[in-house]
Every structure is written in structure tokens, then in C-alpha cells.
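Please find below a colleague's note on the structure shown here.

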Amino acid sequence: MFTVLSCIADQHDWTLLFVALSICCFGSLTAVFMLTRAQECVRQHHHSWLIAAAVVLGASTWATHFIAMLAYAGPVPIGYDGPLIILSIIAAVVLFAVAVKIAFMEGQLVQASGGVLFGVAIAAMHFVGLLAITPFSMVSLVPDKSIVACALAIGFGIVAVAALRHSASRRFHIFAGAACIVLAICSLHTVSMSGVQITPSAEPVHADLSSVDRIAIAIAVSIISTLILLGAAAALFLDRHLTDLRGLANASFEGLVIAQENVVIDLNERFAAMAGKAAGFLKGQPVEAVLAIERRLGIDTCQGAVLRDGQDTIPVEILARTIEYRGRECQVIAVRDLTDRHEASRRIEHMARHDSLTGLANRREFDRRFEMAIAGAAETPSRLALFALDLDRFKLVNDIFGHAEGDAVLQRVAQVLVRTLPADVTIARMGGDEFCIILENASRQQTEALSADLQHAFAQEFADLATSSGFGASIGIALYPEHGVTDRRLRNNADMALYRAKSGGRGRACTFEAAMDIELHAKRQLEHDLRHAVAKGELFLVYQTIVDTSSQEPCGYEALLRWRHASRGVLAPADFIAAAEETGCIIPIGIWVLEEACSEAASWKAPLTIAVNISPVQFLMPNLVEKFSQILAKTGLQPDRLELEITETALFHDRAAVLSTLGQLRAMGIRVVLDDFGTGYSSLAHLRDFPFDKLKIDRRFLAGIGVDPTIRALFENVIEMASTLNLPVIAEGVETQEQLSILHASRPAQMQGFLFGKPEAAPSSRAPLKAIA
């Protein structure tokens with residue numbers, strides 16, 4: 001019986017021991033690199049690298065043990081049991097596989113368990129290998145040394161696992177982990193073998209492994225082990241190198257295809273995703289089966305499409321060039337997806353041609369389609385109709401409810417139009433609250449029926465707004481070719497029909513008639529003449545007496561505007577004020593009227609009042625108060641002699657600003673009269689919100705006072721209400737003695753009408769009267 005440790009120096013081949021140590025070091029380092037790769041690779045390759053590392057660890061541990069045993073050259077012949085040798089390597093590989101799997105799970109305790117299994121795998125391989133020594137000798141172990149050997153293997157295994165957990169981030173941990181694995185294998189083998197005793201068998205020895213045979217076997221095992229390890233290392237290197245290249249290709253935002261002789265031999269994941277097929281299926285396919293070239297852009301660039309299943313395609317830009325791939329001349333084709341670019345271009349084009357708020361066609365797109373429709377109607381020939389639609393009192397909706405609600409109303413209008421009109425009709429928002437509609441192949445009866453449908457749809461959709469603000473829609477219709485054959489003429493005629501619809505009470509549809517053109521021309525001429533009326537001296541004032549009810553004497557005058565037109569004669573305000581307000585001429589005309597009336601009143605000896613009507617448009621002047629102050633200073637008229645008559649409609653145009661302006665004028669001493677009370681938008685809220693100086697009852701209200709008891713009762717109630725509010729009342733339109741008798745009973749503060757005098761020239765130009773003497 002002898003101790004193996006005592007004969008290592010004399011009975012072992014140091015060359016084989018060096019070979020065993022080299023295999024151990026190389027195998028451990030290769031396995032560590034594989035485990036590092038397992039941490040870096042994609043999830044689907046993780047387990048493959050763990051298994052490969054377990055095989056390399058098992059094989060290198062087994063080869064280290066077997067070659068070290070073969071290095072023994074003692075007098076006792078040693079043989080090996082083949083099945084146990086195979087079992088030892090299988091045990092090592094399986095246990096290493098479990099160890100590395102557990103080692104890379106989360107949790108410190110679990111990772112420590114993986115380190116323990118590292119040591120157990122080395123010990124299992126070692127001790128099963130010792131059991132394989134047969135049949136020429138008997139092997140016995142010293143328990144203490146075996147336990148120490150196992151403890152060392154487990155300790156180094158735990159340290160190795162701890163190092164391997166960080167090997168992907170720091171290079172030092174790679175070599176530290178490999179060194180710990182080598183120490184675990186070598187320490188277990190050395191310490192365990194120092195406690196191994198080999199006793200020759202009592203049976204006769206029939207065979208022995210000669211030196212040549214032993215060395216030859218060791219060399220064979222070394223070569224095979226080295227080849228396995230080199231293969232593993234080569235696979236590791238090639239995988240890392242090729243995976244990096246493939247990863248770079250797959251990281252590209254463009255599809256890549258490599259083709260040889262017009263056949264796909266390789267591609268990246270991006271192209272496979274674009275084609276909607278597996279990469280394996282696409283390999284071997286003709287390039288024409290997956291790519292279609294539509295238009296060439298340059299020598300190596302063209303536009304085309306990636307062909308998917310069915311008729312589905314993806315627009316792409318294709319770039320191609322020749323390269324050497326795997327030693328062969330191939331074409332690399334880069335495919336750039338143009339879907340997003342085309343979609344962005346489509347959106348930009350849509351935005352350029354459509355209204356952003358309603359989604360309808362805009363003016364530019366309408367003009368294009370209208371020209372095409374007219375050209376098509378002329379070529380066929382066929383008929384078409386143009387609708388010009390404008391929203392009634394839309395500004396009032398904005399003023400009352402705000403612009404956000406106004407935008408919502410415009411969107412609802414667009415929805416009504418799309419829902420009511422046929423799908424092939426062109427609907428466009430021209431701007432603001434103006435819309436245009438093109439109906440092709442439409443007769444007069446069809447257009448009238450469709451306009452009636454639109455009116456009905458608007459009445460249903462906007463019943464709430466119609467009640468609160470009078471909201472609605474007016475439509476003007478022009479027909480091709482009866483009302484014009486050019487887009488400009490049809491547009492103008494549709495606008496004229498729209499103007500007639502609005503003039504006739506709004507919320508109506510009106511088809512163009514030739515007489516409208518004459519009317520519009522006359523209106524335009526009137527507007528043109530009105531712009532020069534002040535400069536030409538064609539405007540003048542007449543004055544109507546206002547009488548005090550108690551004394552029956554004049555207490556003031558109302559200045560009334562007249563226009564001495566060159567061809568139409570003398571025109572009353574009803575004939576031209578609307579045009580003046582539309583064109584903005586009312587601003588200079590209003591200033592002229594105020595200055596003329598104040599100058600006239602300032603020339604009177606008696607301190608009678610002068611009443612001047614103010615248009616709602618004049619309140620848009622930012623310097624209105626300053627202008628009034630300048631005129632009073634210039635004419636020398638006392639502010640308390642000036643009375644400004646405003647209608648309730650003025651309060652609907654930015655109510656807060658108008659009330660503020662009226663407050664400033666009243667603070668100057670100017671009196672403010674609420675005119676035309678009892679008609680239109682009469683509301684007691686106006687009397688509550690602003691302290692008017694007088695209330696003027698409209699002449700139309702007074703006209704039926706003698707024949708309608710209801711009107712008389714209402715009139716008397718207004719007088720009583722005004723008296724309670726300490727608000728003087730002016731009764732306008734007194735023309736008969738019967739009316740005067742009734743008024744004496746009701747006793748308004750002042751009266752005005754033809755019964756007391758028609759509007760006449762300036763009092764200062766007449767014969768002296770008692771009132772002004």
C-alpha cells in the first residue's frame with residue numbers, strides 16, 4: 001500500500017501533468033467566455049449557451065482528471081472501466097448544466113446554490129472516475145481529505161459564480177472566474193488524491209498499460225479534448241463576430257437583402273417584417289417574388305414595392321450595389337420603407353386642400369374642383385348648380401357664446417352638410433361662416449328639393465340656437481349654363497342670390513334671377529356714390545320738433561339725415577344707412593352729422609336739446625368718446641343739451657364695451673336715450689344694466705294705440721313702469737288728434753310726430769319762432 005502524493009515527483013509524467021493543467025485552464029476560460037456570452041445574447045439563445053458551457057466544463061474537467069491519472073507510471077497496473085468513465089463525464093455535464101442554470105437565476109441564496117453545485121459536479125466526476133480504476137487494483141479514500149477536497153471545490157465554485165455574475169461588465173471577473181474554476185478542479189484532485197491509496201489486486205495480472213500505450217492514450221485524449229475545446233472557442237468567436245454583424249444588420253431601420261444570380265440568399269429581420277414572412281421562407285426566392293421595381297430614380301436607386309400576401313404592398317425606395325459576400329459576387333439591396341413619408345405627404349396635401357376645422361375642402365381645392373366641374377359640364381354637355389351658403393347671425397353666436405362654441409357650430413354645420421348631401425357633391429368652407437356646394441348633373445327641381453332638405457336639416461340641428469339667437473342658414477343658388485358659363489360669373493350670381501335670401505328675411509333659399517344683377521349693380525353704385533357724398537356736400541340735416549306734453553311747447557329737436565342724390569333725388573336714411581354701415585361710410589358720416597347738429601344747436605338762443613341718432617357701427621370706433629369731446633369743445637354746445645339716441649341692437653355688439661362707452665359719454669353730461677323701445681330685441685335687462693336718461697317708444701308701437709286695446713294697455717304699462725323708474729318717456733309718431741287725446745291720459749313726458757311738425761330745415765334758417773327767439 002502506498003500514498004499517491006509521495007510518488008508524484010518520481011512516478012508521474014510531468015509532461016502529461018502540464019497537458020492536463022493546460023486543458024483545465026483553456027477549458028475553464030472557454031467555458032467562462034461562453035457563460036459571459038449567455039448573459040449578453042438575446043433571450044432565445046441564452047439556454048443554448050448555458051448548455052454549451054456545461055458541456056465544455058464537463059469535458060475539460062473529465063479530460064484534466066483522466067490525463068492526470070494517465071500521468072501515473074507506478075508499479076501497480078491501472079485499468080479503467082469504460083461504462084464508469086462515460087458515466088463520470090455524463091454526471092459532470094449534467095451537474096454543471098444544473099449549476100450554471102441556477103447560478104444565473106435571481107437571488108443571492110440561489111446563486112450560492114449554483115456555486116455549491118459547481119463543486120459537487122467536479123467532485124462527482126472525480127470520485128466516479130476513481131471508481132472506474134479496475135481490475136488490477138483497489139482504491140481506498142481517506143475521508144477527512146476527501147471532505148476537505150470537496151469543501152475547497154465548493155468554496156472556489158461559489159467564488160467563481162460570484163465572479164461570473166459580473167463577467168459581462170468587467171474583464172477582470174472573466175479571468176477571476178476562470179481561475180476559481182481551475183483552482184476548484186485542481187485543489188479537489190490534488191487534495192483528494194493525497195488521501196487515495198491504491199492496493200494491487202491479489203489476482204494475477206494479465207495485462208498492463210505500457211508506457212507507450214499510456215502516453216499514446218493520453219496524447220489521444222489530449223488531442224480530442226483540445227479539438228473539442230478549440231471547436232467551442234472557435235464557435236464562440238465566430239458567433240460573437242457573426243452575431244455582431246447580424247445584429248448590426250438587424251439594427252438597421254432599412255430592410256437588407258443579399259441576392260446572388262437574382263435569388264435571395266440572406267436578409268435581415270427588418271426586411272422579413274416588411275415582407276410579412278419568415279426569413280427562412282424568403283431565402284431561395286427570386287428577387288422578383290418579393291420586390292417590384294416601379295420607377296428608376298438613378299443608376300443604383302429606384303422606387304418600388306415590397307410584395308406581401310395578396311395585393312398588399314409596401315412602397316419602398318430601393319438602393320442596390322455589388323459586393324463580395326462569402327467569397328462570391330452578390331448584390332446587396334437596401335430597402336427603405338416610404339409608408340410614413342407617403343402618409344406625411346398625403347397629410348400635408350390634405351391639409352393644403354382642406355379646412356383644418358371642418359375637414360371640408362378649402363377655397364383652393366374648391367376652385368380646382370369648380371373649374372373641372374365646369375369643364376366637364378361644357379364637354380358633356382350637362383348641368384350643374386352652385387350653392388352659396390352663409391350662416392345667419394353667426395357673429396351673434398360668437399359674441400354670446402364665445403369663439404370655442406362658434407367653432408363647434410361650424411363643425412356641426414359641416415356634419416349636417418355631409419350627412420344631408422349626396423356623397424359625390426363637393427362641399428367647401430370658403431372662410432368664416434361661408435360655404436359653397438357644387439352639384440353636378442343637377443336640374444333646377446333637384447337643386448330646389450336639395451336646398452329644402454338642407455333648410456329642414458338646419459332647422460332640426462340648430463333649433464336651440466335658432467330660438468336663442470335667430471341662427472340659421474341662407475342659400476343662394478346659381479345654375480350652369482343659365483346663369484353663367486364661367487366660375488366667376490356663377491360665383492357672383494350665387495352671391496347675389498344669397499344676398500336676396502338674406503334681404504328677404506334670412507333662413508331662406510333663393511335662386512338667381514336676372515333682376516338681381518340690376519339690383520346689385522344699383523346697390524354697388526349707391527355705395528360708390530355714398531363714399532363721396534360728404535365731400536360733395538350732398539348730405540344735409542332736417543329737424544323735427546320734440547314737444548313737452550305739459551306745456552305743448554317745443555323742448556328740443558331731433559336731427560334727421562337726408563341725402564340729396566344727383567339722380568335719385570332726396571333719400572331718407574332707410575334707403576342708404578344699411579349700405580353705409582356695410583361699407584364703413586357710417587363712421588365719417590356720423591361724425592359729420594354730430595358736428596353739424598351740435599353747431600346748429602349751439603347757435604340757438606334758447607337752451608333746447610338736440611337729439612342725434614348713433615349707429616351701432618360707430619361704437620366700434622376706439623376713440624369715440626374723445627371724438628365727441630372734441631366736437632362739443634369745437635362747437636361750444638353744452639353736453640347736457642346733447643341727446644344720443646341708440647337702438648337696442650347696439651348693445652349686442654360687444655355689450656360690455658358699448659355699455660362702458662355709454663357710461664363715459666354720460667359722465668361727460670351727455671344724455672343717452674333708448675330709441676325704438678317696444679320693437680325688435682326689447683328687453684328689460686337693458687334698463688337694468690344701464691341708467692338711460694329717456695325711453696323713446698317706437699312709432700310702430702303707437703300706430704295701433706287707438707284701435708287695439710292690447711296695444712293701449714301695453715303702452716300705459718310702459719309709461720307706468722318708466723315713471724316708477726323715474727325714466728321720462730318720449731312718444732314718437734303722434735299723427736292724429738285721437739292719438740294725442742290718448743297720450744294726454746297716459747301723459748308721457750314728451751311727444752314727437754307729424755302732428756307737431758314735419759322734419760324741416762334748420763331752425764336757425766327759418767323765421768324766428770317763440771321757442772328759439
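1. Confidence. The structure is a predicted model. Its protein chain has an average pLDDT of 79, and 81% of the residues reach at least 70. Two segments call for caution. Over residues 204-213 pLDDT stays under 50, and the model shows eight contacts beyond four places in sequence for this segment. Residues 767-773 likewise stay under 50, with 10 contacts beyond four places in sequence. Where pLDDT is low, the predicted coordinates should not be read in detail.

2. Overall make-up. The protein chain contains 27 helices and 23 strands. Of its 773 residues, 45% count as buried. Among contacts between residues at least 6 apart in sequence, 66% join residues at least 24 apart. The chain exposes about 37,900 Å², of which carbon and sulfur atoms supply 58%.

3. The largest nonpolar core. This core comprises 71 residues, and the members that touch the most others are Ile-610, Leu-642, Leu-695 and Phe-715. Helix H21 (residues 586-602) contributes the most to the core, with eight residues. Beyond its neighbours within four places in sequence, Phe-715 is in contact with Ile-697, Phe-701, Leu-702, Ile-705, Ala-731, Leu-743 and Ser-746.

4. A buried glutamate. Glu-643 is located in strand S19 (residues 642-646). Is Glu-643 buried or exposed? Glu-643 is buried, because its relative accessible area is 1%, and the cut-off for buried is under 20%. Neighbours within four places in sequence aside, the contacts of Glu-643 are Thr-609, Ile-610, Ala-611, Val-612, Arg-671, Val-673 and Lys-694.

5. A nonpolar surface patch. On the surface, Ile-86, Ile-90, Val-94 and Val-98 form a nonpolar patch with about 340 Å² of accessible area together. Val-98 belongs to helix H4 (residues 82-103). With a relative accessibility of 38%, Val-98 counts as partly exposed.

6. Cis peptide bonds. Which residues does the cis peptide bond with omega near -15° join? That bond runs from Thr-380 to Pro-381, and Pro-381 sits in the loop between helix H12 (363-379) and strand S10 (384-392). A cis peptide bond also joins Tyr-480 and Pro-481, with omega about 5°. Pro-481 is placed in the loop between S13 and H17.

7. Thr-486 lies in the loop between strand S13 (472-480) and helix H17 (487-503). At a relative accessibility of 38%, Thr-486 is partly exposed. The C-alpha atoms of Thr-486 and Phe-370 are 9.6 Å apart, while the two residues are 116 apart in sequence.

8. Positive phi values. Gln-552, a residue other than glycine, has a positive phi near 60°. Gln-552 is in the loop between strand S15 (539-548) and strand S16 (554-565), and its relative accessibility of 34% makes it partly exposed. Asn-726 also has a positive phi near 60°. Its place is the loop between helix H26 (709-724) and strand S22 (729-732). Asn-726 is exposed, because its relative accessible area is 68%, and the cut-off for exposed is over 50%. As background to these last points, most residues other than glycine have a negative phi, and most peptide bonds are trans.

Key
Residues are numbered from 1 along each chain as its sequence is written. This is a predicted model: local features need pLDDT of at least 70, side-chain atom pairs count only at pLDDT 80 or more; totals for chains, interfaces and linings use all residues. Side-chain values use heavy atoms; hydrogens and water are left out. A nonpolar core is a set of buried Ala, Val, Leu, Ile, Met, Phe, Trp, Tyr and Cys residues joined through side-chain atoms within 4.5 Å. Buried means under 20% relative accessible area, exposed over 50%, partly exposed in between (1.4 Å probe, protein chains only). Helices (H or I, at least four residues) and strands (E, at least two) are DSSP runs, numbered from the N terminus. Contact means heavy atoms within 4.5 Å. pLDDT is the predictor's confidence in each residue, from 0 to 100. Patches are made of residues with over 30% relative accessible area and no salt bridge: like charges are joined within 9 Å, nonpolar side chains (Val, Leu, Ile, Met, Phe, Trp, Tyr) within 5 Å. Accessible areas come from the Shrake-Rupley method with a 1.4 Å probe; for residues, only the protein chains shown count as cover. A salt bridge is a side-chain nitrogen of Lys or Arg within 4 Å of a carboxyl oxygen of Asp or Glu.
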